[in-house]
There are 2 protein chains.
Amino acid sequence: MIKIIVDCFGGDHSPQANIDGALSALEQISDIHLILTGDEAVIWEYLDGKSYDPARLEVVHAPQVITCDDKPTDAIRLKRDSSMMKAIMMLRDRDDIAGMVSIGSTGALVTGALVRLGRLRGVIRPTFCPILPTMKGGIVGICDSGANVEVDSAMLRQFAIMASLYLENVYEVASPRTALLNVGVEPGKGDAIRQEAYGLLKETQCLNFVGNMESRDLLGGNYDVVVCDGFSGNVLTKTTEGTALEMLKLLKGKIYSRFRYKIGALLMKQMFTEIKDFMNYQNYGGSVLLGTSKVVVKGHGSAKSVSVAKCIEQAYKMELSGLGPKIEAELVKYEHYEE
Amino acid sequence: MIKIIVDCFGGDHSPQANIDGALSALEQISDIHLILTGDEAVIWEYLDGKSYDPARLEVVHAPQVITCDDKPTDAIRLKRDSSMMKAIMMLRDRDDIAGMVSIGSTGALVTGALVRLGRLRGVIRPTFCPILPTMKGGIVGICDSGANVEVDSAMLRQFAIMASLYLENVYEVASPRTALLNVGVEPGKGDAIRQEAYGLLKETQCLNFVGNMESRDLLGGNYDVVVCDGFSGNVLTKTTEGTALEMLKLLKGKIYSRFRYKIGALLMKQMFTEIKDFMNYQNYGGSVLLGTSKVVVKGHGSAKSVSVAKCIEQAYKMELSGLGPKIEAELVKYEHYEE
């Protein structure tokens, strides 16, 4: 039985979507045990009349809620009774719990997990890795995407190893094509850190390193893992999201501007639904922390129950596949790891 | 009379588009004098039979061509007789020439200009500033976008001042809303350089500094200038371009997949043309170097004659508005400038 905590408060549709997602995961995965954190009165009331296996569901009371307005460092210090911080502390203290899923504030979750949870053996700094859909129907992991705004080449190599193992073990991508985000594809590009990292990545046996890549090629489907510092990774992820959303908005605005466009759009309705589905974060689970001692999955703020269930499945697969021990076994082979 | 050099070799449609663009600029702007560099036999042959004012057009022979396969540092050393390097050297050596326009390799142009041209008084490092259209019909300048992958806070302040003056003088944007690219909007975000830069930008009188911005908001129309290091600026610019292109490709692929979508697309034909026009680089001129002693404009590699003419007009406006002297007058007011 794999035990996972679900932080029920946080996200646009919480607590309903979070609880429904948990129930749906319980139904889909037979050897999972879930612990819901949050205001227990609210949770029990919502559970009332729903059908689920009570032997595999616990509720732990945590009345406070961390919002996106809370400063992360304050949140983790002052809101110890929040559904998120309670989850992090239980995850740290209880050996029987494998991981947690939260839909709440990314800043608070990443900061809280980095500060309160230990690291896997050998990890210099844990890293935050979201997944984006590519235009060829696959996915690409971006690592780091904001946990570490300052990095060195040894950290970049570790990000590559951890993300590559993650794609392989959780998404069944065979020898993930791993590239270094840079300002040009030629070797020698970028600053000293990038140039050093290029050398390290090239000599790392377990990686399928394919060289530098430019951000304009992110969605083309030629890469499975993009390695970068947290600052440019954050820019990469948010620019992709922002541009796609702005383009859809532009299309929508135009369609409503003329009658014949509305007719055209009606004929293409299914197509637009497909595109929206394809770009919909609900269908791709969450972003994960790699390198923490326990599994942490962060769902998209707008996650509905389907997406929450996918995040729980992700956490389950990370634990089931032994991703943590595999990361430790690999990192120890290279210099620069933390003792 | 303002004298500008047009590098006629370089770009997907060169030399035709470059020469046609030059002729069209000559027609539109009465006090401009153009010097075309490149293989003179080819240029004269193409000019044959065309109507233009011969007193305002010169041709300077430069038989070599720099391609995108040439390593920038080699190109500027070994291809001194290329249309681009000849232009840069003439710009450096002749006081009567104000600027140049090139459609060729960005790397070679930026490297060549930085190495061979002097800087304006007070400039620590010149910067590369492209312009993107926003979804509200305006534009936004991204500065730096690749010339300086490593920066400090004083450089970021200079980028902000130069780009702000550029938007004001060339695009008539009154007190440009200037933001610092960061991983979150709150003050205190980002690494030490970003935190220091925030303080410097805030205290800079001539700027309309509106705080940190996240990359997902680039196209929303709330910013006129985005200040960043060249690495993340490069990621920002190329990700926006890449995502928009991939989405159009996705739409196109879908439309061709079913008959009813084709009918729908026919009804929306004008709308798609409008969107393509809106996103078309041809309509937005080129990227500029700010901080070099003379004006340098880089057109998009796929520039057609309309776009080349716009680049020439940009160079003309930069000189006419006295942008260079205005930058010098402003930078001298702050510490950290180069003597």
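Modeller: The crossing of α6(B) and α12(B) is right-handed. In this predicted model, helix α6 of chain B covers residues 153-170 and helix α12 of chain B covers residues 323-331. Their axes come within 10 Å and cross at roughly 140°.

From α6(B) come B:Gln158, B:Ile161, B:Met162, B:Leu165, B:Tyr166, B:Asn169 and B:Val170. They meet B:Leu323, B:Lys326, B:Ile327, B:Glu330 and B:Leu331 in α12(B). Sorted by class, the contact of α6(B) with α12(B) holds 8 nonpolar, 2 polar and 2 charged residues.

A cis peptide bond joins B:Cys143 and B:Asp144, with omega at about 15°. As a general rule, most peptide bonds are trans.

The axes of α6(A) and helix α7 of chain A, residues 192-203, come within 8 Å and cross at roughly 45°. The two helices, α6(A) and α7(A), are therefore oblique to each other, and their crossing is right-handed. On the α6(A) side the contact is made by A:Ser153, A:Leu156, A:Arg157 and A:Ala160. On the α7(A) side the residues are A:Ile193, A:Glu196, A:Ala197, A:Leu200 and A:Leu201. By class, this contact of α6(A) with α7(A) has 6 nonpolar, 1 polar and 2 charged residues.

Beyond α6 (153-170) of chain A, a loop runs to β8 (177-181), and A:Ser175 lies in that loop. A:Ser175 has a positive phi of about 25°, although it is not a glycine. In general, most residues other than glycine have a negative phi.

A further pair in chain A is formed by helix α1, residues 16-28, and helix α11, residues 305-320. These helices pack at an angle of about 55°, and their axes are 7 Å apart. That angle makes α1(A) oblique to α11(A). The crossing of α1(A) and α11(A) is right-handed. Helix α1(A) contributes A:Ala17, A:Asn18, A:Asp20, A:Gly21, A:Ala22, A:Ser24, A:Ala25 and A:Gln28 to the contact. Helix α11(A) contributes A:Ser305, A:Val308, A:Ala309, A:Ile312 and A:Glu313. The contact of α1(A) with α11(A) contains 6 nonpolar, 5 polar and 2 charged residues. In the loop between β1 (2-7) and α1 of chain A lies A:Pro15. A cis peptide bond with omega of about 0° joins A:Ser14 and A:Pro15.

Chain A is divided into domain 1, which comprises 1-123 + 291-339, and domain 2, which comprises 132-282. The centres of these two domains of chain A, taken over C-alpha atoms, are separated by 25 Å. Their contact takes 21 residues from domain 1 and 14 residues from domain 2. On the side of domain 1 of chain A that touches domain 2, the elements giving two or more residues are α5 (106-116), α11 and α12 (323-331). That side of domain 1 has 10 nonpolar, 7 polar and 4 charged residues.

Finally, the two chains meet each other. In all, 42 residues of chain B are in contact with 42 residues of chain A. On the side of chain B that touches chain A, two or more residues each come from α8 (230-255), α9 (259-267) and α10 (269-279) of chain B. Helix α8(B) gives the most to that side, with 17 residues. By class, the side of chain B that touches chain A has 19 nonpolar, 11 polar and 12 charged residues.

As to confidence, the predictor gives the complex an ipTM of 0.89 and a pTM of 0.91. The mean pLDDT of chain A is 93, and 98% of its residues reach 70 or more.

Note on methods:
Residues numbered from 1 in each chain as written. Chains lettered and ligands numbered in written order. Predicted model: local features only at pLDDT ≥ 70, side-chain atom pairs only at ≥ 80, totals over all residues. pLDDT = per-residue confidence, 0-100. Contact = placed C-beta atoms within 7 Å. Helix = DSSP H or I, 4+ residues; strand = E, 2+ residues; numbered from the N terminus. Nonpolar A, V, L, I, M, F, W, Y, C, P; charged D, E, K, R; others polar. Axes fitted to C-alpha atoms, helices over the stretch in contact; angles between N-to-C directions. Parallel < 35°, antiparallel > 145°, perpendicular 65-115°, else oblique. Left-handed = near helix turned anticlockwise from the far one by under 90°. Domains from an automatic or database assignment.
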